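Keep the sequence and the structure open while you read.

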Amino acid sequence: MKIVCEGIDLSDATLKVVKACSSKTTVPVLECIKISAKNDSITLAATDGEISIIKTIKAEVYEEGELCVTGKVFADFIKKLEGVQITLASDGKKMEIIYADSQTSMQVLSAEDFPRIDLEIRENSFKIKTKELKKFITSTSFCCASDDSRPILKGCQFVINGEDVCVTSLDGVRLATIKGKVISATGNMEIICPARTLNEIEKMMPDNDGETEIFVQRGMILVADENTVLTSRLYGGDFIQKDNIIPKSFITTVRVEKDKLKASIERAAILVRGDKNSLIIFDISGDKIEISSASELGSVQEPVKAHTEGKDVRIAMNSKFIIDAVNALDEQEILLSFNNNVQPFVCTNVENKDKLYLILPVRTSNNA
């Protein structure tokens with residue numbers, strides 16, 4: 001194989017596909033990027049068995065061929081060569097990287113050992129505005145679980161019914177859900193897509209007013225944008241029914257300015273940053289929320305003006321969870337709804353209720 005291409009193009013492609021390289025595996029080829037040279041382009045591909053990313057760029061191909069090179073090392077090296085023209089040449093045992101008056105060699109593996117990536121995923125699909133898809137992902141993926149104890153909770157559930165779509169995620173102590181519309185769909189469907197996959201889709205799609213089509217088949221999805229193709233496995237199983245978790249009514253509601261609440265929470269969180277639960281207290285009464293926290297470093301106690309209705313309530317919570325929820329809401333005023341100090345509470349916008357965040361309080365010696 002022998003090709004010549006621009007360093008900036010190769011670096012951009014490498015940095016995209018390396019996200020699919022495995023970091024923990026006993027199969028060396030899953031740590032690799034496969035480089036295939038044919039006609040007037042090269043195609044880079046990586047997969048860890050769950051997610052696959054393929055990117056094609058223009059190149060001068062003097063000798064066709066394919067090989068596998070350790071992904072993260074290659075990506076880090078090529079990133080340092082974005083301003084020069086690069087020649088890649090290989091005899092099958094090693095690859096020479098020639099740039100300016102210098103050259104470097106890297107060991108390669110046979111491309112024959114690289115897993116086949118199935119691109120025949122076209123049975124079902126839905127089309128959605130790209131900006132809406134990005135909003136759905138950023139509004140929910142942060143609430144997915146990060147550990148492997150319940151793998152299905154590491155994904156977001158998409159439920160499509162006609163032109164309506166609802167995306168939900170939860171990790172056992174908090175839940176996020178957002179509703180919206182799709183442009184079209186081949187039928188009603190429910191999929192559970194890994195949060196990692198969704199975050200890569202969000203990064204690869206352009207920030208424009210375009211549309212994105214997501215194809216679904218045999219527990220897999222496929223998304224393409226120009227010369228980049230991403231495929232991923234979906235999670236199987238029964239997702240938790242959110243309607244069984246979200247309270248139907250509330251005893252106490254609080255309407256408050258988002259920015260003032262956020263600033264106060266963030267200050268209170270600083271003193272408990274190293275604690276296990278990063279615990280802060282909301283003491284809701286009259287026309288205010290009194291926000292407090294305490295640790296060996298000191299204590300904070302701040303009143304935030306609010307419009308409250310219902311009974312007074314004192315409730316403890318993880319400061320990170322409430323900050324994440326407040327950040328995800330986008331109106332000037334937000335609504336907090338409570339029942340008591342041990343049941344889940346809900347955060348929404350005041351006007352547009354398309355987003356909802358549910359948080360489980362932290363039990364303390366005072367409210368257990």
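The count of aromatic pairs comes to four. One of them joins F126 and F158. Bear in mind throughout that the model is predicted.

**Aromatic pair**
- The rings of F126 and F158 lie 6.3 Å apart, centre to centre.
- F126 sits in strand β10 (residues 124-129), and F158 sits in strand β11 (residues 155-161).

**Nine-stranded sheet**
- Nine strands make an open sheet with antiparallel pairing.
- Their order is β15-β11-β12-β13-β27-β26-β25-β19-β23.
- The edge strands are β15 (189-194) and β23 (307-310). Each has a single partner strand, so one side of each lacks a neighbour in the sheet.
- On average, neighbouring strands here are turned by 15° against each other, direction ignored.
- Inside the sheet, β19 (residues 252-257) pairs with β25 (residues 333-338) over six bridges, in the antiparallel sense.
- R255 has L335 in β25 as its bridge partner.
- Helix α3 packs on this sheet and touches β11, β12 (164-170), β13 (174-181) and β27 (355-359). The direction of α3 makes about 170° with that of β13.
- Helix α6 lies across β13, β25, β26 (345-349) and β27. It runs at about 175° to β27.

**Four-stranded sheet**
- A further open sheet has four strands in the order β22-β21-β20-β24, again with antiparallel pairing.
- β22 (298-305) and β24 (313-318) are at the edges. Each has a single partner strand, so one side of each is left without a neighbour in the sheet.
- Neighbouring strands of this sheet are turned by 20° against each other on average, direction ignored.
- β21 (residues 288-295) pairs with β22 in the antiparallel sense, over eight bridges.
- E290 is bridged to P303 in β22.
- Helix α5 (residues 258-270) packs on the sheet and touches β20 (279-285), β21 and β22. The direction of α5 makes about 170° with that of β22.
- Helix α6 (residues 319-328) lies across β20 and β24, at about 95° to β24.

**Helix pair α3 and α4**
- α3 covers residues 130-140, and α4 covers residues 195-204.
- Their axes come within 10 Å and cross at roughly 140°. The two helices are therefore oblique to each other.
- The crossing of α3 and α4 is left-handed.
- From α3, the contact uses L133, K134, I137 and T138. From α4, it uses L198, N199, I201 and E202.
- These contact residues divide into four nonpolar, two polar and two charged.

**Helix pair α1 and α2**
- α1 (residues 7-17) packs with α2 (residues 71-79) at an angle of about 145°. Their axes are 9 Å apart.
- α1 passes α2 in a left-handed crossing.
- G7, L10, S11, T14 and L15 in α1 meet F74, A75, I78 and K79 in α2.
- The residues of this contact are five nonpolar, three polar and one charged.

How values were computed: Residues numbered from 1 in each chain as written. Predicted model: local features only at pLDDT ≥ 70, side-chain atom pairs only at ≥ 80, totals over all residues. Heavy atoms only, no water. Pairing = 2+ DSSP bridges. Axes fitted to C-alpha atoms, helices over the stretch in contact; angles between N-to-C directions. Contact = heavy atoms within 4.5 Å. Parallel < 35°, antiparallel > 145°, perpendicular 65-115°, else oblique. Left-handed = near helix turned anticlockwise from the far one by under 90°. Nonpolar A, V, L, I, M, F, W, Y, C, P; charged D, E, K, R; others polar. Phe/Tyr/Trp six-rings, centres within 6.5 Å; stacked < 30°, edge-to-face > 60°.
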